[in-house]
Amino acid sequence: MPAVLRQNGSGWYIEYYAFNQITKALERKRVKLNKERKKARTFAEFRAQANQMIIEINCKLASGWSPFCFYEGQPQYIITQVSQVPNAMPIAMQYAPVPNETPVQATPQKKSSSPLFTTMIDKFLKIKGLELTLSTMRSYSSFCHNIKKWAEEKYPKITCEEFTQRLAVEYLDHVFEGNNSKGKHQARKKISEDHVCARTYNNNLKMGRAVFSWAISHCYTEINPFEKIQTKREQVKQRTIIPAEVRQQILEYYRVKNPAFEIICRMVFTSLIRPIEITRVRVSMINFEQHCFELLSDVTKNHRGRNSRIDKPLEDLLRKHIEGANADDFLFADKAWKCGKVPMNSHSFTLVWAEMRETLGLPETYQLYSLRDSGINGMLKANVNDLDVMQAAGHSDLKMTTRYANHVDSNLINRLNEQAPDF
């Protein structure tokens, strides 16, 4: 079985299966990558290094190499057709067999033709479904379903190697033009049509690169047809600030209708935790002594752990909310709004928020995520150190953080008239 990148509580590692000549069975092999992850400056750099290692291992496996071969109880490595294996070990490192014993040579595998593109897509979804979160898989599933349907209609017999950059461009143009067509996208066209189309185009480009990067690591093909295609320019995302008086209205509404949702609103605004991240928070991540949430890498959007503050009002609500809960319980369980074993779906947040917004007569531009924007903007306007805000928000650089300071402020002119010097 080919090598794949995985993560567990102990860190990152490469896992693959190889045939053991002694036991006559496939056995699992793991290569730990914690040191490589620490040395890498970014996750993208680490992922690229890991992918290169995966490619090398898979190429060796395809050529008959196995880490399981024994002579007199000592592990040895056998590689057949060494000259054909990329980055093969030097001749001096290849072990000779013990006299009077004939080692079992692995049978060289005949190079097979490239599989159908649709077959690769099905395999990708099957394997990734065991590795990724449900929210991430929804995006991959949507992309894979659309590109597979397109390929089946236009190029039903195309293989992975035949899926060139020309076809990748053709598919992305199909996606871009589809967003300009009439039908279900007609209403969306009225709201920044070019922005929506460019964003959809770029999202599909990103997904295509990821899928074919996986295909390369599994030796389905050697070229990523999406790699050299440039992204389209998107409009700057318009963010909305929810004023303090409106935020107070929202809290008063939920104190009566759904007290648990007041906690969610405060976590988004005060702790700067994204709604999707809240669905992954467990009781064990609450540290009352340090007054913070200890978010692990499998919780955060960018897979980097961070601590998020808990102020006094939120702490009081949390202590009452988690009474009687187990440490491994999710903070909000499905359909209960209490702690439990099954995590709440973020779509439930959207429905409850929309109901509140309609009741209070608030504009649609006020989203639950707008509370996070408002929290970041408020910290910056209160002269909280930029680096502190960046770390609290889990941003990768200051440029991303300072975008939140550039909002339309209804009180800007009044403050300038009061504070700016005269001519």
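1. A polar contact, as used in this note, is a pair of N or O atoms within 3.5 Å; within protein, one must be able to donate a hydrogen and the other to accept it, and residues adjacent in sequence count only if both atoms are side-chain atoms. What you are looking at is a predicted model, in which local features need pLDDT of at least 70 and side-chain atom pairs count only at pLDDT 80 or more, while totals for chains, interfaces and linings use all residues. Residues are numbered from 1 along each chain as its sequence is written, and side-chain values use heavy atoms, with hydrogens and water left out.

2. Let us start with the overall picture. The protein has 16 helices and eight strands; these are DSSP runs numbered from the N terminus, helices being H or I with at least four residues and strands being E with at least two. Of its 423 residues, 41% count as buried, where buried means under 20% relative accessible area, exposed over 50%, and partly exposed in between (1.4 Å probe, protein chains only). Among contacts (heavy atoms within 4.5 Å) with a separation of 6 or more, 56% are between residues 24 or more positions apart.

3. Buried residues of H2 include Phe43, Phe46, Ala50, Ile54 and Leu61. Just after H2, Gly64 takes a positive phi of about 100 degrees.

4. Next, a helix pair. The axes of H8 (residues 244-257) and H9 (residues 259-269) come within 6 Å and cross at roughly 150 degrees; axes are lines fitted to C-alpha atoms, for helices over the stretch in contact, and angles run from 0 to 180 degrees between N-to-C directions. H8 and H9 are therefore roughly antiparallel, since angles over 145 degrees count that way, with under 35 roughly parallel, 65 to 115 roughly perpendicular and the rest oblique. Residues of H8 including Ile250, Leu251 and Tyr254 meet residues of H9, among them Phe261, Cys265 and Phe269.

5. Now the sheet. Three strands form an open sheet in the order E6-E7-E8, with antiparallel pairing; two strands pair if DSSP finds at least two bridges between them. Strands E6 (286-287) and E8 (306-309) are the edges, each pairing on one side only. Two bridges join E6 to E7 (residues 292-295): Ile286 partners Phe293, and Asn287 stands opposite Cys292. Four residues lie between the strands of this hairpin, where His291 takes a positive phi near 60 degrees. E7 and E8 pair over four bridges, with Glu294 opposite Asn307.

6. Ser308 sits in strand E8 and counts as buried because its relative accessibility is 1%. Its side chain reaches the backbone oxygen of Ser271 at 3.4 Å. Beyond its neighbours within four places in sequence, Ser308 is in contact with residues including Ile273, His291, Phe293 and Ala392.

7. Finally, look at Thr401 in helix H15 (residues 398-402). Thr401 is buried, with a relative accessible area of 0%. Its side chain makes a polar contact with the side chain of His395 at 2.8 Å. Leaving aside neighbours within four places in sequence, the contacts of Thr401 include Ile376, Leu380, Asp386 and Met390.
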